[in-house]
Amino acid sequence: MFRIYPKILMILACISMALMAIGQYAIWFHAPEEMTMGLVQKIFYFHLPLAWWSFVAFFGVCAASVMVLWTGREQWDVLAGVLAEIGVLFSGLALVTGSLWGRAAWNTWWTWDPRLSTTLVMWFVYAGYLVLRSADVGGTKGAKVRAVLGIVAFLDVPLVFLSARLWRSIHPAVLASKGGGLEPEMWTAVWINVLAWGAMFGTLVLARYHGAGLKRRVEAALIGIQEKTLQ
């Protein structure tokens, strides 16, 4: 297992909280109110970072899974599981915030738009991946089985990103045009919140990985005690 120092974790947690506070100020006081949607548009500053960092998490699952097949080391398997958990959390929150935004913009909570549909499929794929991990599928070769699943699951992620460009979609493609239809102050709020959610993402990943390491050490200690008792 990679060693996680608690002090580093605490520092990163403090940085993420500070950036979150700055991000909230940027959303509500710095960025102007959008003329058409009004305050509802500010959901965008939560929705976009959550979606982007969920993509990063799922790419990390794929990369860690490749390392499992290459090195066979347990820490990469644990990291893949941690990243999948955070990715499912963030993509789930992205779906919820997107639904809230869609209710105001499209007058419906959900529509089978290509971007929404592929994102929902992605969420179910990785939720299923986590279920299979918890079921310990594969027995003694479980880590390699999970690694293959982690790599295959990533195939849907580029499809989600490109769906609004490949098919006719009502979902806005923010990076498709220069400026993305946003004022400079809005972009400032966007990037601050991307950094804030990135720091939160890093904090959650390290905390969860540290917890997984402690769990394995406790389980190893209990097995050792049981073996000594049987002797």
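Modeller: One definition before we start: axes are lines fitted to C-alpha atoms, for helices over the stretch in contact, and angles run from 0 to 180 degrees between N-to-C directions. This is a predicted model, where local features need pLDDT of at least 70, side-chain atom pairs count only at pLDDT 80 or more, and totals for chains, interfaces and linings use all residues. Residues are numbered from 1 along each chain as its sequence is written, and side-chain values use heavy atoms, with hydrogens and water left out.

Biologist: How many helices and strands does the protein have?

Modeller: Helices (H or I, at least four residues) and strands (E, at least two) are DSSP runs, numbered from the N terminus. Along the sequence the pattern reads α-α-α-α-α-α-α. That comes to 7 helices and 0 strands.

Biologist: H2 and H4 pack together; are they parallel or oblique to each other?

Modeller: H2 covers residues 44-71, and its axis lies 12 Å from that of H4, at an angle of about 45 degrees. Angles under 35 degrees count as roughly parallel, over 145 as roughly antiparallel, 65 to 115 as roughly perpendicular and the rest as oblique. So H2 and H4 are oblique.

Biologist: What classes of residue make up the contact of H2 with H4?

Modeller: Contact means heavy atoms within 4.5 Å. From H2 come Phe-55, Phe-58, Val-61 and Ser-65, meeting Met-122, Tyr-126 and Tyr-129 of H4. Ala, Val, Leu, Ile, Met, Phe, Trp, Tyr, Cys and Pro count as nonpolar, Asp, Glu, Lys and Arg as charged, and the others, Gly among them, as polar. By class, the contact has 6 nonpolar, 1 polar and no charged residues.

Biologist: Is Thr-119 buried or exposed?

Modeller: Thr-119 sits in H4, which spans residues 114-134. Buried means under 20% relative accessible area, exposed over 50%, and partly exposed in between (1.4 Å probe, protein chains only). Because its relative accessibility is 13%, Thr-119 counts as buried.

Biologist: Which residues does Thr-119 touch, leaving out those up to four places away in sequence?

Modeller: Inside that excluded range, a polar atom of the Thr-119 side chain is 2.7 Å from the backbone oxygen of Arg-115. Not counting residues up to four places away, Thr-119 touches Leu-95 and Val-160.

Biologist: And how far apart in space are Ala-63 and Trp-76?

Modeller: Ala-63 belongs to H2 and is partly exposed, at 33% relative accessible area. In sequence, Ala-63 and Trp-76 are 13 residues apart; in space, C-alpha to C-alpha, they are separated by 9.0 Å.

Technical notes: A polar contact is a pair of N or O atoms within 3.5 Å; within protein, one must be able to donate a hydrogen and the other to accept it, and residues adjacent in sequence count only if both atoms are side-chain atoms.
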